[in-house]
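Look at how the side chains pair up here.

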Amino acid sequence: MTGPTPPTRGEELLLAKISAAAGRAHLGRRRATCTAVAYTAPAQAVPVRGLGSLLSFVLYGRPSAPQTGRDARLDLYEHGMTVALKGRIHVVRYDATSVFEEGAANPYDLARAGTACTVTAADGKRITLHAGAERSDVEEWWPGIRRAVTRAQLPRALAALAGGERVAFGDVWLTGEEVGSGGVSARWQQVQEVGIRNGAVELDVDGTRHRLGPAVSEIPNLFVFCALVERLRTDGTR
């Protein structure tokens, strides 16, 4: 019986680079190593008002030209992740990243994998991750990212709401008293349901449905927003 194949020199050097980058960013202990198909988009940072430093930069728009994804190595840590792509190591911190989700049929279910997601790295680059045609650990890394970002950002969001602040996710915002976007707003007492319909967030306000904000794929950290909605609707904080 033969043992596991020893790592090549190139693999050893890559692991050393990943470990060094994770150490500099204080990401903590490595939890898992996965694969994905990924590409980076041009870094065009657009400041938005949001959850303090948590949502400091949101990168809107799609790459101007079609992108060809390449295999990437994802290393998931306690406080963030690294993405090794085309010889570069990108660092993502869970407490500061903005995540945009494709195929968000049910963002309330943190265990369900979407079709793709785009994360904002510490250097401002947008990295789109999706399942490859033949192999991918999407069922491991995507729910893992969702849970970790929610765990890192939800407590600070709740503290902001408790302090009377408005928490914004792009164009969508909420407070302990109401929720809204643009010209649409409603007090929580009026909101009978918040759900996803036809690719957008919808409010059922006193029996009338209202679209809230842009498409869900343009709302940063939609799953954190949904977790806050659940708390506000069920904990009696409103």
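Arg 166 lies over the face of Trp 173, 3.8 Å from the ring centre. A charge counts as sitting over a ring if NZ of Lys or CZ of Arg is within 6 Å of the ring centre and within 35 degrees of the ring normal. This is a predicted model: local features need pLDDT of at least 70, side-chain atom pairs count only at pLDDT 80 or more, and totals for chains, interfaces and linings use all residues. Residues are numbered from 1 along each chain as its sequence is written, and side-chain values use heavy atoms, with hydrogens and water left out.

Now the ring pairs. Rings of Phe, Tyr and Trp (its six-membered ring) pair if their centres lie within 6.5 Å; planes under 30 degrees apart are stacked, over 60 edge-to-face, the rest tilted. That rule gives 2 aromatic pairs. Trp 142 and Phe 223 have ring centres 6.2 Å apart and planes at 85°, so they meet edge-to-face. Trp 142 sits in helix α2 and Phe 223 in helix α3 (residues 222-234), 81 residues apart. Helices (H or I, at least four residues) and strands (E, at least two) are DSSP runs, numbered from the N terminus. Both Trp 142 and Phe 223 are buried. Buried means under 20% relative accessible area, exposed over 50%, and partly exposed in between (1.4 Å probe, protein chains only).

Phe 169 and Phe 225 also pair: their centres are 5.8 Å apart and their planes at 70°, so this pair is edge-to-face. Phe 169 belongs to strand β10 (residues 167-169) and Phe 225 to helix α3, so the pair ties together parts 56 residues apart in sequence. Phe 169 and Phe 225 are both buried.

Next, opposite charges. Such side chains can pair when their charged atoms come close. A salt bridge needs a side-chain nitrogen of Lys or Arg within 4 Å of a carboxyl oxygen of Asp or Glu. The count comes to 11 salt bridges.

Which residue forms a salt bridge with Asp 75? The partner is Arg 30, with the closest N and O atoms 2.9 Å apart. Asp 75 is buried at 0% relative accessible area, whereas Arg 30 is partly exposed at 32%.

Arg 146 and Glu 101 meet at 2.4 Å, N to O. Arg 146 is in helix α2 (residues 138-162) and Glu 101 in strand β7 (residues 99-102), 45 residues apart. Arg 146 is buried at 1%, and Glu 101 is buried at 3%.

Finally, a network of salt bridges links Glu 193, Arg 197, Glu 202 and Arg 209.
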